[in-house]
Amino acid sequence: MGWLWAIIVGLVLGLIAKAILPGKQKIPLWLTTIFGMLGSVLGNAVATGIGVNETKGIDWTRHLFQLIGAVVIVGVGDMLWASFRGSKQKA
């Protein structure tokens, strides 16, 4: 159940990150999900590092860090994907 939950959270975070970023991202849905999962892991690491990973009630701060991580990774990943696909199509 843990992997299924990670995929669902990754998909949701990736889609929200794509909605937040300006312009159209050309990454496929499967890559959006992976980037969302990586953003979630990055956000959890930052939250643990500053000591706000477990609070009473809903962990809003941790969720915010997860979303910020997803936005950063989707943004960087989209640029890398575009440059990779662009150089592949020119060859």
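**Aromatic pairs and helices in a predicted model**

Trainee: How many aromatic pairs does the count come to here?

Mentor: The count comes to 2 aromatic pairs, where rings of Phe, Tyr and Trp (its six-membered ring) pair if their centres lie within 6.5 Å, and planes under 30 degrees apart count as stacked, over 60 as edge-to-face and the rest as tilted. One of them joins W30 and W81, which are edge-to-face with 6.2 Å from centre to centre and 85 degrees between the planes.

Trainee: Which helices do W30 and W81 lie in?

Mentor: W30 lies in helix α2 and W81 in helix α3, so this pair ties together parts that are 51 residues apart in sequence. Helices here are DSSP runs of H or I with at least four residues, strands are runs of E with at least two, and both are numbered from the N terminus.

Trainee: And how are the rings of W81 and F84 arranged?

Mentor: Their centres are 6.5 Å apart and their planes stand at 45 degrees, so that pair is tilted. W81 and F84 both lie in helix α3, 3 residues apart, which is about one turn of the helix.

Trainee: Is W30 buried or exposed?

Mentor: W30 is exposed, with a relative accessible area of 52%, whereas F84 counts as partly exposed at 45%. Buried means under 20% relative accessible area, exposed over 50% and partly exposed in between, using a 1.4 Å probe and protein chains only.

Trainee: Before we go on, what kind of model is this?

Mentor: It is a predicted model, in which local features need pLDDT of at least 70 and side-chain atom pairs count only at pLDDT 80 or more, while totals for chains, interfaces and linings use all residues. Residues are numbered from 1 along each chain as its sequence is written, and side-chain values use heavy atoms, with hydrogens and water left out.

Trainee: Okay, what about T33, where does that one lie?

Mentor: T33 lies in helix α2, residues 29–50, and it counts as buried because its relative accessibility is 12%. Apart from neighbours within four places in sequence, T33 is in contact (heavy atoms within 4.5 Å) with I7, G10 and L11.

Trainee: And which residues is R62 in contact with?

Mentor: R62, placed in helix α3 (residues 60–90), is in contact with N44, A47, V52 and N53, again leaving aside neighbours within four places in sequence.

Trainee: What about the chain overall, how many helices and strands?

Mentor: The protein chain has 3 helices and 0 strands, and buried residues make up 30% of its 91 residues.
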